[in-house]
Amino acid sequence: MRLSLEKYTPLTFLIGLALLISLSVTSYRSLNNLTRTAERVAETERSIALLEETLSDFKDIVIGHRGYLLTGKEPYLKFYYQARDDISRDFDGLRLLAARNQQQRRKLNELEQLKERSLKLSEEIVETRRQRGFNAAQALIERDSGQALMEDIRRVIKEMEAEVSRVLQVREAASSSSARRAKIILMAGSSMGVLLTALAFLAVRNELGRRRRAEATLRQSNIELERRVAERTAELSGVTQRLRFALDGARFGAWAVELPSGRFWADEASKMIHGFEPDHQINSIEDAAANVYHEDRASIKARVQEAVQNCSVLECEYRVVAPNGDERWVASRGQVVYAESAEAQTLRMFGISQDVTERKQAEVERERLLANEKAARQVAEEANRAKDEFLAVLSHELRTPLNAIVGYTNLMRGGKHKVEDTPRMLDIVLRNARAQQQLIEDMLDVSRIITGKMGLELGPVELKAIIQRALDTIRPAATAKQIELEATFDPDVAAITGDANRLQQAVWNLLSNAVKFTPAGGKVTAHLTRVNSQVEIAVSDTGKGISREYLPHVFDRFSQEDYSITRSYGGLGLGLSIVRHIAELHGGTVSVTSEGEGRGATFSVRLPLTAKQAPAPQTNAIQGTAGFTSRGAESQLDGARLLVVDDDADTRQLLKHVLEDYGAEVKTAASAAEALEAITTSLPDALVADIGMPGEDGYALMRKIRSLPPSRGGAVPSLALTAYARPEDRVRALTAGFQYYVTKPVEPDELATAIASLTGRLDGHSPK
């Protein structure tokens, strides 16, 4: 039976449709396989590209830190830090791409370990170069070879690339196979479809063929369009990401404004820089300027108008105040450009903003440091000027008594004076010598104060007796100026704990200062009273008084109200500072009051009943003071055999003269060697030795003497007579073996008494 084409057309159509559907499903699956294979090939190619970028980043890290090592310039670190950031991103991509390949994951783990070692070594080199210099960083490179580490990195990357290349070849082969298989299926299906269609639809063959060709063309066009859209989207996404990364890395925020409409746009970073939340809506320039400091808005507006008029670059710095009150500095830079519009008047400004608060704070801090440095320099210049003035006054105060000493000594030596004037001349010489000695003692006390070596020898002290002795000492000077001395004592004041010598020195300084600045016919009064748990010593005078400006500086060291060469009063300005330090050592305070110039002044010292400082160890030492005398020593030295050791010939002659006047038999030696020979030849009753001598000093001499047996002089009583007056010098002398320590200059009676006590010839003493 012959079949009619029109009768069996629906059946043929259904059969052909079924066959076409099955072939389409098969083709679809083949195309999916081909697509997946192509994606895997693309993924493999991305892996190779990432590996190459990773190796390049490692090279950039090495180049960056080596460039910084060689030059020490921070710009070289820009590529270093950029490479560090890029390599982290590359590793993230590699981890995703190697997720399905166990061997690649192992290699990637090994590469990550090498990366951490490389980054650690690079960071250590950079920090070492920054903090310790080129040599230290170079030594670090020589110690930990980065070349071997880089070779390992290259090796691992090459192995990973080899594995990726192998996978790529496999996937490309699979892709080719899938393509061939899809092609074969497609060709077979097409042939069958054409055949069936030709059999079933001969009438509509041309129409179906035309539609099939049109659909194929459309499908191909859609595929090409989708490919282009995907490529363009990927390109735009990459550009956007790179731009965002650059802005974030530099801590910039982006913004744009349309002119003249004022429509404004800002990214999240720019909003946060200007004190807004990231989701805050900003639609206009007024919205953007809401947090700008009100005093800066006018200048910003003027700069924007200028940039718009000139189509130039906008640069401005301004302050923003966040809602929480924080004030920040922002620097903005923008560029005016023509918008993409047919209207030439339509403008747009693009710009970036950066938080520059830290730089501004650094500038403020720099200005503050400069101001402090300037103030410190002024203080140093003032101190230097005060030092020069003090040295000039010191020279004057030392030379003035020296002039009298030298002048009257030359008069007496030349014999061109009246015999009856000799006692007066000797008194003048002695008075000036003692004045010079007092200046030196004050300087030594100040030195002890500055170095913290002034100590106290504590014991019970009757302040009434201290004040009376100080008054007796100062009375001749007061009588010479016809100044009345008066003292009042509170009967409730009992003995306190303190250093009698230092307290007498403080009271004497106050009285001496009052007598010096009180004119003839004036009055000086000393008061001793009890105030609660303290005692107060007050010295008042009717002298020149103290100006209000100078009152805060009265107790400063080297401080005098008048340093000019026309001043009426001498001195170094040390006495009152010594008084203050002595009072503070006793746990007390000092103060001064004055109603002004010409109206006198009152100095007060308040002391606790018990001093706060522990008593210093007692030593057999005699400090030379101008007022110490002990008569009756002449008979005590009769027949005493003494050996005097001093490298200065004049001093040896003086001591020989003085001690022979007291009845002693004196031998002298100019050195330690002569002294040892003299002792072993004829054992003296006592030894008087200087400390500072050339060759061997007095300490070495005494150690050698004490090493001798007693029969040869090892136990000879010894006294150190020296110009070294520091406490440590006294301790060193007594430690070396001297029993007594006396400072130069010394009064003859004082020296004779000390030797009499040393040899057991003074009543109430036994040999040491």
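Mentor: Helices are DSSP runs of H or I with at least four residues, strands are DSSP runs of E with at least two, and both are numbered from the N terminus. This is a predicted model, in which local features need pLDDT of at least 70, side-chain atom pairs count only at pLDDT 80 or more, and totals for chains, interfaces and linings use all residues. Residues are numbered from 1 along each chain as its sequence is written, and side-chain values use heavy atoms, with hydrogens and water left out.

Trainee: How many helices and strands does the chain have?

Mentor: The chain has 19 helices and 18 strands.

Trainee: And what share of the residues is buried?

Mentor: Of the 768 residues, 37% count as buried. Buried means under 20% relative accessible area, exposed means over 50%, and partly exposed is in between, with a 1.4 Å probe and protein chains only.

Trainee: Let us turn to helix α18. Which of its residues are buried?

Mentor: Helix α18 covers residues 727-736, and its buried residues are D729, R730, A733 and A736. Seen down the axis of α18, these residues fall within an arc of 130°, so they line one face of the helix. The arc is that of the directions from the helix axis to the C-beta atoms. Just after α18, G737 takes a positive phi of about 130°.

Trainee: How does α17 pack against α18?

Mentor: Helix α17 (residues 698-706) packs on α18 at an angle of about 20°, and their axes are 9 Å apart. That makes α17 roughly parallel to α18. Axes are lines fitted to C-alpha atoms, for helices over the stretch in contact, and angles run from 0 to 180 degrees between N-to-C directions. Angles under 35 degrees count as roughly parallel, over 145 as roughly antiparallel, 65 to 115 as roughly perpendicular and the rest as oblique.

Trainee: Which residues meet there?

Mentor: On the α17 side they are Y699, M702, R703 and R706, and on the α18 side D729, R732, A733 and A736. Contact means heavy atoms within 4.5 Å.

Trainee: A change of topic: what is the strand order in the open sheet?

Mentor: Its 5 strands run in the order β7-β9-β10-β12-β11, with mixed pairing. Two strands pair if DSSP finds at least two bridges between them. Strands β7 (484-489) and β11 (589-593) stand at the edges with a single partner strand each, so one side of each is left without a neighbour in the sheet. On average, neighbouring strands of this sheet are turned by 15° against each other, direction ignored.

Trainee: What packs on that sheet?

Mentor: Helix α12 (residues 463-480) does, touching β7, β9 (523-531) and β10 (534-541). The direction of α12 makes about 175° with that of β7. In the loop between α12 and β7 lies Q482, which has a positive phi of about 55° although it is not a glycine. Most residues other than glycine have a negative phi. Is Q482 buried or exposed, would you say?

Trainee: I would look up its relative accessible area.

Mentor: That area is 63%, so Q482 is exposed.

Trainee: How are β11 and β12 joined?

Mentor: They run antiparallel and are joined by 5 bridges, with β12 covering residues 601-608. Within this pair, V592 stands opposite F603 in β12.

Trainee: And what does T525 touch?

Mentor: T525 lies in strand β9 and is buried, with a relative accessible area of 9%. Leaving out residues up to four places away in sequence, T525 touches E486, A538, V539 and S540.

Trainee: Which residues of β18 are buried?

Mentor: Strand β18 (residues 740-743) is covered on both faces: Y740 and V742 on one side, and Y741 and T743 on the other, are all buried. In a regular strand the side chains alternate between the two faces of the sheet. Strand β17 (residues 718-722) pairs with β18 in the parallel sense over 4 bridges, and T722 has T743 as its bridge partner.

Trainee: Finally, where is D90?

Mentor: D90 is in helix α2 (residues 76-97) and is buried, at 3% relative accessible area. Its contacts, not counting residues up to four places away in sequence, are L50, E53, T54 and D57. D90 and T54 are 36 residues apart along the chain, with their C-alpha atoms separated by 6.2 Å.
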